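Subject: Structure for you to look at

Hello,

Here is the structure I said I would pass on. My notes on it follow below.

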Amino acid sequence: MSKIFTPTNQIRLTNVAIVRMKKAGKRFEIACYRNKVVSWRNNIEKDIDEVLQTHTVFTNVSKGQVAKKEDLIKAFGKDDQTEICKDILAKGELQVSDKERHSALDAMFKDIATTVADKCVNPDSKRPYSVSLIEKAMKDVHFSVKPNRNAKQQALELIPQLKNVMPLERAQMRLKMSISGKEARKIREKLVKLIATIETEDWNSGTLDMVCLIDPGHYRAIDEIVRSETKGSGFIELLSLKEITEGDEVLE
């Protein structure tokens, strides 16, 4: 059986993620481990050896064609392969197959639906919806995933759209607040504009103790009012992140 000859300037790599960049009229590619490119760009992965399959710059990874030294110097002003790989990692385009792209979009679609299901309830029953029901509603409003944005951002933007096809609201947070001092009543007037429901309210020697439900989006504003207006004497205690009806029932 005859041996297959492989030229010495060719490196064969399999199961790779390719990052590509065009510069100075030339195409440059690097071979990376799958799932590591995004981790590197998000500063999660710090070890370049965990990202690169080889510290080599190619003109074509799939054919194993290595870039020439003079082309690297012309395009990048240097021939340090590792540093050039980092440049391509930072600014290059990640190449994925149609199958991979479709799979990634499907995964993000489910992530967005899961986030909405986790953050929202039916306003009438105060019970959460199943992920499958949220996914069906997403299709009803013709929601399309934006691959360059994270799932949480897209979920928060999606909620108002879903309200057009189903009863839906953010699950409320339950807070306990204590505010003292002569300004307590004025502070209360500012807070009630941001509170959905006051469950209990007690005045004791000029101190207001209150348990209430709020939309999570108002938490930061309420916290800022209490801290600044009371000059640190008031406090907020988070009693529950999500106010839902007790029990495991999920709306299908």
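**Helix packing around α4**

α4 and α6 cross with right-handed geometry. The model is a predicted one. The axes of α4 and α6, the latter spanning residues 151-162, come within 9 Å, and the crossing angle is roughly 65 degrees. On the α4 side the contact uses Met108, Asp111, Ile112, Thr115, Val116 and Lys119. These meet Ala151, Lys152, Gln154, Ala155, Leu156, Leu158, Ile159 and Leu162 of α6. By class, the residues of this contact are nine nonpolar, two polar and three charged.

α4 also packs against α5, residues 131-140, with axes that come within 9 Å and cross at roughly 115 degrees. The two helices, α4 and α5, are therefore roughly perpendicular to each other. Their contact draws on Phe109, Lys110, Ile112, Ala113, Thr114, Val116 and Ala117 from α4, and on Val131, Ile134, Glu135, Met138 and Lys139 from α5. Eight of the residues in the α4 contact with α5 are nonpolar, one is polar and three are charged. The crossing of α4 and α5 is right-handed.

**Pockets**

The largest pocket holds about 870 Å³ of space. Its lining is made up of 23 residues, and those nearest the centre are Val38, Leu94, Val96, Ala104 and Pro147. Which element gives the most to this lining? That is α4, with seven residues. The elements that each supply at least two residues to the lining of the largest pocket are α1 (36-41), β5 (93-95) and α4 (98-119). Sorted by class, the lining of the largest pocket has twelve nonpolar, four polar and seven charged residues.

The second largest pocket has a volume of about 260 Å³. Eleven residues line the second largest pocket, with Lys119, Arg170, Met173, Pro216 and Leu241 nearest its centre. At least two lining residues come from each of α4, α8 (219-229) and β11 (235-243). The lining of the second largest pocket divides into five nonpolar, one polar and five charged residues.

Regards

Methods: Residues are numbered from 1 along each chain as its sequence is written. This is a predicted model: local features need pLDDT of at least 70, side-chain atom pairs count only at pLDDT 80 or more; totals for chains, interfaces and linings use all residues. Side-chain values use heavy atoms; hydrogens and water are left out. On a 1 Å grid over the protein atoms alone, a cavity is a set of points where a 1.4 Å probe fits but cannot get out, and a pocket is an open set with protein on both sides within 12 Å along at least five of seven lines; lining residues have an atom within 4 Å of a point. Grid points are joined across faces, edges and corners, and a volume is the space filled by probe spheres set on the points. Helices (H or I, at least four residues) and strands (E, at least two) are DSSP runs, numbered from the N terminus. Ala, Val, Leu, Ile, Met, Phe, Trp, Tyr, Cys and Pro count as nonpolar, Asp, Glu, Lys and Arg as charged, and the others, Gly among them, as polar. Axes are lines fitted to C-alpha atoms, for helices over the stretch in contact, and angles run from 0 to 180 degrees between N-to-C directions. Angles under 35 degrees count as roughly parallel, over 145 as roughly antiparallel, 65 to 115 as roughly perpendicular and the rest as oblique. A crossing is left-handed if the near helix is turned anticlockwise from the far one by less than a right angle, and right-handed if clockwise. Contact means heavy atoms within 4.5 Å.
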